[in-house]
Amino acid sequence: MPPVDEFVSAVLGLYRSEGRSFPWRETRDPWRILVSEFMLQQTQTVRVLPKYLDWFVQFPDVQALADASLADVYAAWKGLGYNSRALRLRDSARIISNDLAGTVPDNETALLALPGIGPYTARAVLAFAYNKPGIVLETNIRSAYIFHFFPQAAKVSDRELLPLAQAAMHQALAGGCTVRDWYYALMDYGVFLKKHETNPTRRSAAYTRQSRFEGSLRQARGALLRALESQRSAPLSEIAQHTGLSEPADYHRLQKAAEALVAEGLLCYDQDRLRFVD
DNA sequence: ATCCAGAGAA
DNA sequence: TTCTCTGGAT
């Protein structure tokens with residue numbers, strides 16, 4: 001059997017026996033799939049699961065999120081991390097609601113024009129919501145290709161994976177698999193490999209290590225945002241006391257964090273008091 | 001300690 | 001191309 005055929009049957013074989021089930025795989029509502037993809041950007045499925053279910057209780061549809069205040073959106077997002085994603089998701093909801101008649105785009109160009117949607121998310125939405133073929137590459141899928149086709153290589157670029165990804169998808173679709181199922185299967189295969197092998201993603205050119213959290217700027221960001229949840233608004237000096245970041249070096253980090261959050265449009269100043277923008 | 005269904009700005 | 005953004009499960 002040709003290598004690509006072997007790969008495809010291994011991936012689909014595992015999918016039949018150990019394929020995972022998630023709520024965002026049960027729906028075909030493009031908006032719900034879009035929301036799941038925002039939440040899943042650099043965030044594990046186990047952490048997204050409860051948040052995803054709660055989300056639609058609070059924001060049932062695009063319009064509900066478009067109308068929501070940023071304070072409410074951030075509160076619902078709490079625990080997912082990368083809070084700028086929450087802001088971009090709401091802004092995308094506003095554009096979809098105001099300019100696109102409430103419909104999630106079904107082409108790559110229009111998807112990429114939305115804030116918070118890059119190459120991965122655009123193609124994932126096309127695949128999962130609209131069953132449209134395209135090359136989807138993320139960490140689990142890279143693992144699958146690298147483990148199978150580059151067992152010895154130290155650094156594998158996406159460019160090297162592309163022709164294999166094309167051939168494998170073509171082969172899977174020719175065998176009657178849907179685009180949607182092919183990519184679910186690929187992700188599940190990658191997750192399976194990581195449980196039984198040394199993470200093949202480490203040999204991807206796209207792999208980067210997480211920098212330390214303790215003493216970092218993002219630690220100060222997190223502390224600042226948590227403080228503003230309970231305070232609503234407060235001067236930075238008060239937040240410093242509240243978070244225990246009042247030593248000169250810590251206070252400096254807090255200032256930098258506030259500066260960045262204001263620049264990102266998440267927070268603003270009311271006189272000298274920090275608060276969420278509306 | 002590791003790393004996650006990446007995106008956007010510098 | 002490189003850097004930064006999160007925090008919780010394992």
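1. In the second largest pocket, α9 gives the most to the lining, with three residues. Helices are DSSP runs (H or I, at least four residues) numbered from the N terminus. This is a predicted model, in which local features need pLDDT of at least 70 and side-chain atom pairs count only at pLDDT 80 or more, while totals for chains, interfaces and linings use all residues. Residues are numbered from 1 along each chain as its sequence is written, chains are lettered from A and ligands numbered from 1 in the order in which they are written, and side-chain values use heavy atoms, with hydrogens and water left out.

2. The second largest pocket has a volume of about 150 Å³. A pocket here is an open set of points on a 1 Å grid over the protein atoms alone, where a 1.4 Å probe fits, with protein on both sides within 12 Å along at least five of seven lines; lining residues have an atom within 4 Å of a point. The volume is the space filled by probe spheres set on the points, which are joined across faces, edges and corners.

3. Pro119, Tyr120, Arg123, Ile135, Val136, Leu137, Arg142, Asp158 and Leu162 line the second largest pocket. At least two lining residues come from each of α9 (119-130) and α11 (158-174). The lining has six nonpolar, no polar and three charged residues (Ala, Val, Leu, Ile, Met, Phe, Trp, Tyr, Cys and Pro count as nonpolar, Asp, Glu, Lys and Arg as charged, and the others, Gly among them, as polar).

4. The largest pocket has a volume of about 1,800 Å³. It is lined by 50 residues, of which Gln41, Gln42, Thr43, Gln44 and Tyr82 are the closest to its centre. By class, 18 are nonpolar, 19 polar and 13 charged. Helix α13 (residues 217-231) gives the most to this lining, with seven residues.

5. Chain A is assigned domain 1 (1-209) and domain 2 (217-276), with bounds from an automatic or database domain assignment. Each domain supplies at least three residues to the lining of the largest pocket. The C-alpha centres of the two domains lie 33 Å apart.

6. Helix α1 (residues 3-18) and helix α12 (residues 179-196) have axes that come within 9 Å and cross at roughly 85 degrees. The two helices are therefore roughly perpendicular (65 to 115 degrees).

Methods. Axes are lines fitted to C-alpha atoms, for helices over the stretch in contact, and angles run from 0 to 180 degrees between N-to-C directions. Angles under 35 degrees count as roughly parallel, over 145 as roughly antiparallel, 65 to 115 as roughly perpendicular and the rest as oblique.
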